[in-house]
Amino acid sequence: MKSVRFVSFLLSMATIAAVIASEFSAQAQAQADGWLVEAQQFNQPVTALRQVRGEVFVEAGGWHLATDCSDGICFDRRRPTNDQVARDGIPGGTIAIAAGRGITRAWFTEPTTRYDHGILGDRIEGGGLTVIDDSGRRHSVILGPNLVFEDLTPRIADIDNDGLNDVVVIRSSLFAGASVAVYSLSDGGLAELSATNPIGQPYRWLNIAGIADFDGEGTLDIALVRTPHIGGTLEFWTMRRGELVRLAAASDFSNHAIGSPELDMSAIGDFDGDGTLDLAVPSADRVTLRIVSLAGSDIVELASIAVGMPIVTAIAALCSEICSHLLLGRSDGSLIVIRPP
């Protein structure tokens with residue numbers, strides 16, 4: 001009898017969940033101002049999303065490639081390319097790879113436990129940064145005893161617009177918390193080009209949300225969420241005359257869950273079709289996806305889309321000239337597919 005009652009209980013819970021999902025779907029569509037929101041279930045829970053050079057992969061009991069079909073999203077069994085791991089890299093860290101001149105590979109080295117924050121799931125951070133340039137030469141920076149790279153994979157981009165790739169990292173002070181730092185190659189090797197001010201106290205972190213030309217001025221900007229676990233602030237920064245300067249800021253954002261190694265909880269794309277790149281990033285409680293655009297010193301919200309439960313995976317965008325769908329994984333294991341109006 002106990003097993004029968006347990007099965008009945010599970011069936012009842014499944015019915016309740018179906019009703020809640022149905023109510024959520026109708027409510028989300030009503031709230032999204034033309035953005036269509038759909039919860040999709042796989043045979044297994046969705047545990048991860050990855051975006052690899054425009055391709056979107058969903059992990060649910062195996063990897064699936066998501067493509068834009070005439071009637072929605074199609075899925076085919078296919079694995080993304082495995083990330084490259086350096087022999088001297090930190091646990092969980094991978095090698096960033098890019099084409100072009102300047103830095104073409106970058107990874108974190110010198111594992112250290114001198115900063116016990118553990119925000120990314122363990123207490124091992126990077127004490128060094130190694131890069132390889134386009135001629136194959138290797139360059140490294142070793143941090144002093146009061147600093148760590150509280151990060152997993154560097155980001156390669158030409159931040160100072162000189163035609164040479166730089167590298168963008170999250171660097172933390174044991175006494176003043178996290179900042180964004182840009183390193184570049186010069187005659188003296190790899191050196192800091194510029195950095196944002198640290199947050200101001202230890203055990204305070206930030207996460208980079210994206211690097212793109214968000215204001216349409218032809219140079220790359222850096223979007224970040226400062227303190228994403230305690231009332232996060234979205235900020236846009238750019239390089240001017242060799243220094244990072246803040247362009248705009250707005251409150252109530254988060255792009256990370258405490259203890260998670262997932263740092264890609266945001267997506268970049270032209271979501272309103274105006275030719276300028278926008279940013280999709282969760283609200284502070286991660287139950288709403290906020291689509292924003294940078295306009296001068298203002299952050300303009302294009303949409304606020306309820307997804308019903310906290311976002312726990314990376315956020316990915318299917319885009320060609322404009323973006324047709326946003327995909328994300330929810331805490332109940334479902335995949336949320338969002339289509340712009």
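Ile 305 has a relative accessible area of 0% and is buried, where buried means under 20% relative accessible area, exposed over 50%, and partly exposed in between (1.4 Å probe, protein chains only). This is a predicted model, in which local features need pLDDT of at least 70 and side-chain atom pairs count only at pLDDT 80 or more, while totals for chains, interfaces and linings use all residues. Residues are numbered from 1 along each chain as its sequence is written, and side-chain values use heavy atoms, with hydrogens and water left out.

- Ile 305 belongs to strand E22, which covers residues 298-306; strands (E, at least two residues) are DSSP runs, numbered from the N terminus.
- Between Ile 305 and Ser 283 there are 22 residues of separation in sequence and 9.6 Å in space, C-alpha to C-alpha.

**Disulfides in the chain**

- The structure contains two disulfides, a disulfide being a pair of cysteine sulfur atoms within 2.5 Å.
- With bonded cysteines counted along the chain, the disulfides follow the pattern 1-2, 3-4.

**Cys 69 and Cys 74**

- Cys 69 is joined to Cys 74 by a disulfide, with an S to S distance of 1.7 Å.
- Cys 69 is buried at 19% relative accessibility, whereas Cys 74 is partly exposed at 28%.

**Cys 319 and Cys 323**

- Cys 319 is joined to Cys 323 by a disulfide, with an S to S distance of 2.0 Å.
- The disulfide of Cys 319 and Cys 323 is right-handed because the torsion about its S-S bond is about 95 degrees.
- Cys 319 is partly exposed at 36% relative accessibility, whereas Cys 323 is buried at 6%.

Definitions and conventions: Helix = DSSP H or I, 4+ residues; strand = E, 2+ residues; numbered from the N terminus.
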